[in-house]
Amino acid sequence: MTTLKLTPKYPREKQTIMMFNGDEAVAYAVKQCYVDVVAAYPITPQTIIVEKFSEFVANGEVHTEFIHVESEHSAMSACIGAAATGARAFTSTCSQGLALMVETLYIASGLRLPIVMAVTNRALSAPINIHGDHSDAYLMRDAGWVMLFVENVQEAYDTTIQAFKIAEHPEVQLPVSVHLDGFFLSHTMENLHVLPDEAIYEFLGGPRKPVKVKVDYYDEEVEYTLNPARPLSVGMLAFYDYYFEIKTQQVEAFKHAERVITEVNEEWYKLTGRKYGDGLVDPYAMSDAEIAIVVMGSSTGTIRNIVKKFRERGVKIGVLRIRSYRPFPRRRVAELLKDVKLVAVLDRAASPGTLGALYSDIISSLYTLKERPLVVNYIYGLGGRDLSPQLVHRLIEELREDLRRGFIPEERLQRYLGVRE
Amino acid sequence: MLIEIRWHGRGGQGVWTASNIVATAAAYGGKYAQSFPAFGPERSGAPVLSFTRISDEPIEVHSMVYNPDILVILDYTLLSPRIVEGLKPEGVIVTNYTGDVNSVLERLGIKRGDYRVLLVPASKLALEILRIRATNTAMIGGLLKLGYVVKFEDVKKAIMERFTGPVAEKNTVLVERAMSETIEV
């Protein structure tokens, strides 16, 4: 997070400090976003989001229609139906729930419905585990969702609000998922600066405004919404005649999303005094770094904290946090890593049979460079295994040793961080 | 200054709630604070941990607390040498206990003077005031005895927000009583 240089419209003293955990922060953000429909099914560690939000509904604090569904598959289906009528829709899930939802995730993105979903990243079974890792997030990697990973409770709040703005941007029109690490953020209480309701209403420009589309059977452009008074077909059959074009439009929309994420990050900065790097990546001490640690989510702060100590001792090391996992900001990544000698990419999930998913994205971002850094892959924190400060110390010492040696043997390309022998 | 607290208790005793109340009180006192649980299988009676960080600076670390400044033990059946692991040399142990001091030291496997040890008659007071064995708020009273962690007024405010009506009132009384009846050995 960068602190302010300009005077924001709502400086800190105009924001209210709340002691909220990540789940409560997300629920509160959704409350302020004038959401029309929430359809969700509870699953640990997401449960508090749904519980808290249903309290807002029960107390009459929101106009939202809360649909209690019987599964996550239905939760997303209900959001799809709602969003197709022009409603602003939200859901939240993780792990097995997200796995059950996968089929419908592709429908939400394929129909270009700007649904927002909070994912409290949690390991997948088996063995059964309720704790935080990124296995579930990697599961939805290619589902056509904009995926934003947050570092702390404040960012969970900020990003949930930003997500609606990004999703509903006329040139984006894609669903957005906000990823907060299960327990590490979902159940961690921190000081949260909350904006007044009217600030969020203004930021989002009021309720959702569906885009207009041209269809053959109407003379005028019509809203892309289901409306019995003005019939429209949504989710038509498209074979080899149109499917390809529709899919490439989705791919192109991600290019707009990349730009819009940075614009929204700037706009948020002017509003609140907070921004997260350029919105896509959040670098720390990267300008002269010889070693870089690339990471996503809640471990970033723990790593940055130890990196600061090594910096004090004159070790040229930096941290590159990936905030936008999809779209993956490969040009920014290449720019930031081009002069680094050694990069360690930390994946909080394994991709059995190949190297880590984030590692693969980093490697492909660097390939077009003339001179490429050494890049190693660490698998860490599976099933909620804690990344302790001691472990980060060991990691950095190991990287310094690799840098001295100047090469990475093939059998040492992927390593496990914090696993018992 | 950064203060790190590790809470030990059993599922259902309100370990996480106590940690949240202290973090909230710290925020009322103008500090940055963090509170989070370490859940095992969620069942009543199983040993559980919770952590609190209180700092003048924003807190960026999101790992468990390995070297706490303060240990708070809600349930004296958990007293063992293992519980002291990682406690800083100048650290403090605040435990629920009524009775012989030497037996506490023995169960912790420490000698008098190794650490500051505070005994809180939490079970006794909770039974007397709340009529249930919820020792979490009483243990906050013991923590308040240290003076430098959080202020009573801020704890009171956090309790009034967390609980309502007579439950909030009784818990406030309990905190105050526990604070005055905590002894350092």
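**How many helices and strands does the secondary structure of chain A come to?**

The secondary structure of chain A comes to 12 helices and 17 strands. Helices (H or I, at least four residues) and strands (E, at least two) are DSSP runs, numbered from the N terminus.

Before the next exercise, a word on conventions. This is a predicted model, in which local features need pLDDT of at least 70, side-chain atom pairs count only at pLDDT 80 or more, and totals for chains, interfaces and linings use all residues. Residues are numbered from 1 along each chain as its sequence is written, while chains are lettered from A and ligands numbered from 1 in the order in which they are written.

**Exercise 1. Describe the overall build of chain A and the confidence in it.**

Step 1: start with the radius of gyration, taken over C-alpha atoms; the globule rule is 2.2 Å times the number of residues to the power 0.38. For 421 residues a compact globule would have a value near 22 Å, and the 21 Å of chain A agrees with that.

Step 2: look at the extents. The C-alpha trace of chain A spans about 70 × 55 × 45 Å along its principal axes.

Step 3: turn to burial. A residue is buried if 20 or more other C-beta atoms lie within 10 Å of its own, exposed if 12 or fewer, and partly exposed in between, with C-beta atoms placed from the backbone. By this rule 51% of the 421 residues of chain A count as buried.

Step 4: check the contacts. Two residues are in contact if their C-beta atoms, placed from the backbone, lie within 7 Å. Of the contacts in chain A with a separation of 6 or more, 79% are between residues 24 or more positions apart.

Step 5: finish with pLDDT, the predictor's confidence in each residue, from 0 to 100. Its mean over chain A is 97, and 99% of the residues reach 70 or more.

**Exercise 2. Work out how chain B meets chain A.**

Step 1: count the residues. On chain B 16 residues are in contact with 19 residues of chain A.

Step 2: assign the chain B side to elements. Helix H1 (15-28) and strand E2 (32-38) of chain B each give two or more residues, and E2(B) supplies the largest share, six residues.

Step 3: sort that side by residue type. Ala, Val, Leu, Ile, Met, Phe, Trp, Tyr, Cys and Pro count as nonpolar, Asp, Glu, Lys and Arg as charged, and the others, Gly among them, as polar. The division is nine nonpolar, six polar and one charged.

Step 4: find the strand pairing, where two strands pair if DSSP finds at least two bridges between them. Strand E8 (residues 189-194) of chain A pairs with E2(B) in the antiparallel sense over two bridges, and A:Met189 has B:Ser35 as its bridge partner.

Step 5: Nine strands form an open sheet with mixed pairing, in the order E1(A)-E8(A)-E2(B)-E3(B)-E1(B)-E4(B)-E5(B)-E6(B)-E7(B). Strand E1 (16-21) of chain A and strand E7 (183-184) of chain B are the edges, each pairing on one side only.

**Exercise 3. Locate the cis peptide bonds listed here and their loops.**

Step 1: take A:Ala126 and A:Pro127, joined by a cis peptide bond with omega of about -5°. A:Pro127 sits in the loop between strand E5 (116-121) and helix H5 (135-139) of chain A.

Step 2: move on to A:Arg326 and A:Pro327, where the peptide bond is cis and omega is near 0°. A:Pro327 belongs to the loop between strand E14 (324-326) and helix H10 (330-337) of chain A.

**Exercise 4. Is B:Arg131, with its positive phi, buried or exposed?**

Step 1: note the backbone. Phi of B:Arg131 is about 65°, although the residue is not a glycine.

Step 2: find its place, which is the loop between helix H3 (122-129) and H4 of chain B.

Step 3: count neighbours. B:Arg131 has 9 other C-beta atoms within 10 Å, so it is exposed.
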